[in-house]
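This report describes one structure for a reader who meets it here for the first time. Please look at the sequence and the model before reading on.

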Amino acid sequence: MSAVHDGKRKMVDTMVVRNQDLYRESGAELVMGQGRFVGPRTIEVVAADGGTRTLRGEVVVISTGSRARIDPISGLAEARPMTHVEALDLDRVPGHLVVLGGGYVGLELAQAFRRFGSRVTVIERNDALAHREDRDVSEALRELFKDEGIEVRTGIRVERVEGRSGESVKLHVARDGAEDPIEGTDLLVASGRTPNTDGIDLEAAGVERDGRGFVKVDERCRTTAPGVWAVGDCAGGPQFTHMADDDVRVVRDNLAGIDRTTTGRLVPFCLFTDPELARVGLSESEAERRGIAYRLAKIPVTAILRSRTLSEPRGFYKTLVAADSDRILGFTAFAPEADAVMTTVQVAISAGLPYTALRDATLTHPTMSKGLAALFHAVPDRS
Ligand SMILES: Cc1cc2nc3c(=O)[nH]c(=O)nc-3n(C[C@H](O)[C@H](O)[C@H](O)COP(=O)(O)OP(=O)(O)OC[C@H]3O[C@@H](n4cnc5c(N)ncnc54)[C@H](O)[C@@H]3O)c2cc1C
C-alpha cells in the first residue's frame, strides 16, 4: 500500500508541476491563496505565503468547484469519515471499509479497496447502485460487486453513526422499519457533492445562487452580475472535468464574440470500475421520461470476439436509435475498454452519422470497437 501511495503521490506531483509550467508559459499570473469577493468584479486574496492582495478584473470567472457533502446525520461528522481526499491518500488497507454512497465516486473506490484486500460494504439510500442509470446497468454493477465479495446494501437510511473512522464505526440504519446496524473499521462518505460557493461573499459581487447553492448561470455561463461568469462544478452543470473544460470554451468563445452555448451538448462519462461503464446520450429511462420513441439493440460482451481473447466475458453494449430516423440517440457500454468504444459512438453522434455508418464500417478485427458492428446490426427495422 505504501508503494501505491508513493506512485499516486508521484503522479499527482508531476501533474501539478506540469500545470504550473503551462501557467508560466501562458503568461498568466497564478496567485495561490484563498479568494473572496469584496465588491463587483473585485476579489481579495489572502495569499498562501501571507499578505493580502486585491484584484479587480474586467472579466471574472468563478470556478471554485465542489467538495464532498457530509449529510447532517447524527454522529456522522464526529466520526471523522474519510472523503475521497483522505481515501486517495491512505497508505494502509482498511480492515472493513464502509462506503456511504453508491454513485461513481463510491463505486470506484469500493472496488479499488476491495481489490487491495479490504472487506467492503456499500450503503446506498436509493434502491439501486448508480441509480440514475438504467435498471440493467445497476443490476450488472451489483452482480459485479457481489462476485468480488463486496457487500451492497440498498434502500438504506442511515439514522445515526457511532465511533470514529480509522478505529471502528457503527452505522444505525433503518430498512423496512427494522434496526440492522452496520459495523466497520473505516467510513468513506461519497454521498454527493456540495458547491464551493459559501464563504466567498458572492453577494458582494451581485452574484446569485440557486436553491441548492450553485451559482446561477445562463446557457452562456453568465452569472447574474455583469462581467462575471461561472464554470464547472460550482455552476451546477454535469460534474465532470471535461464538462468544466467545455464551460471554459463557452466563456472563451462568448468573450471573443462567437456564439456558443451549453444547450443540448453531449455529456459523455465513464465510470472507472473494472470493467468500465461508459455512456453517451440517452439512456432508456431518460428516453422514456422524455417521451422519446426509440429502437433498442443490446448485445452481450460475449458476442464480441475480443472479450474472449481478453478473457473478460462480463457486460453488454446497448444503443438507442430514433424510431423515425437512423439517428443514434444513446449508447451504453459496460465492458472492457468501454471509454474508447463510447468515444467512437460519441463522434458518430456529433457528426450526425446514421447508425448504419457504424454498422457497415470495416472495423478492425479483433477489437472491442468491432462489437459496434454487431450491435448496430441488431437494431430493429423501422416499423
Ligand atoms: C473522487 C472523484 C473522482 C472523479 N473522477 C472523475 C473522472 O474520472 N472524470 C471526470 O470527468 N470527472 C471526475 N470527477 C469530477 C471532477 O473532478 C470535477 O467535475 C472537476 O474537477 C470540476 O472542475 P472544477 O474546475 O469545476 O472544480 P475543481 O477541479 O474542484 O477546482 C476548483 C478549485 O478551486 C479552488 N478553490 C475553491 N474555492 C476557492 C477560493 N475561495 N479561493 C481560491 N481557490 C478556491 C479549489 O481548491 C480547487 O482547486 C471526479 C470527482 C471526484 C471527487
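Between which helices is the loop where proline 366 is found? Proline 366 is found in the loop between helix H10 (355–359) and helix H11 (371–377). Helices (H or I, at least four residues) and strands (E, at least two) are DSSP runs, numbered from the N terminus.

The model is predicted, so that local features need pLDDT of at least 70 and side-chain atom pairs count only at pLDDT 80 or more, while totals for chains, interfaces and linings use all residues. Residues are numbered from 1 along each chain as its sequence is written, and side-chain values use heavy atoms, with hydrogens and water left out.

## Backbone features

The peptide bond from histidine 365 to proline 366 is cis, with omega near -10 degrees. A cis bond also leads from aspartate 274 to proline 275, where omega is near 0 degrees. Proline 275 is found in the loop between E16 and strand E17 (276–281).

Alanine 130 is a residue other than glycine with a positive phi, near 40 degrees. Alanine 130 lies in the loop between strand E7 (119–124) and H4. With a relative accessible area of 14%, alanine 130 is buried; the term buried means under 20% relative accessible area, exposed means over 50%, and partly exposed lies in between (1.4 Å probe, protein chains only). Glutamate 337, although not a glycine, has a positive phi of about 60 degrees. The place of glutamate 337 is in the loop between E20 and helix H9 (338–350), and at 38% relative accessibility this glutamate counts as partly exposed.

The expected span of a helix is 1.5 Å times one less than its number of residues. For the 13 residues of helix H4 (residues 135–147) this gives 18 Å, which agrees with end C-alpha atoms that are 18 Å apart. Among the buried residues of H4 are Val137, Leu141 and Leu144. Glycine 149 follows H4 and has a positive phi, near 85 degrees.

Helix H6 (residues 241–255) has 15 residues that should span 21 Å, and the 21 Å between its end C-alpha atoms agrees with this. Buried residues of H6 include Met243, Asp246, Val250 and Asn254. An α-helix has 3.6 residues a turn, so residues three or four places apart point the same way. Strand E4 (60–62) and strand E15 (228–230) are included in what covers the buried residues of H6, by contact (heavy atoms within 4.5 Å). Just after H6, glycine 257 takes a positive phi of about 80 degrees.

## Salt bridges

Side chains of opposite charge can pair when their charged atoms come close. A salt bridge is a side-chain nitrogen of Lys or Arg within 4 Å of a carboxyl oxygen of Asp or Glu. The structure holds 36 salt bridges, and the table gives some of them.

| aspartate 89 | lysine 8 | 3.3 Å |

Aspartate 246 is buried, with a relative accessible area of 12%. Both residues belong to a network of salt bridges that links Asp246, Asp247, Arg249, Arg252, Asp253, Arg260 and Arg265.

Aspartate 89 counts as partly exposed at 37% relative accessibility, and lysine 8 is partly exposed with a relative accessible area of 24%.

## Aromatic pairs

The structure holds 6 aromatic pairs. Rings of Phe, Tyr and Trp (its six-membered ring) pair if their centres lie within 6.5 Å; planes under 30 degrees apart count as stacked, over 60 as edge-to-face and the rest as tilted. One of the pairs, tyrosine 317 with phenylalanine 331, is edge-to-face, at 5.6 Å centre to centre and 70 degrees between the planes. This pair links strand E19 (residues 316–322), which holds tyrosine 317, to strand E20 (residues 328–335), which holds phenylalanine 331, 14 residues apart. Tyrosine 317 counts as buried at 0% relative accessibility, and phenylalanine 331 counts as buried at 0%. Elsewhere, Tyr104, Phe240 and Phe269 form one aromatic cluster.
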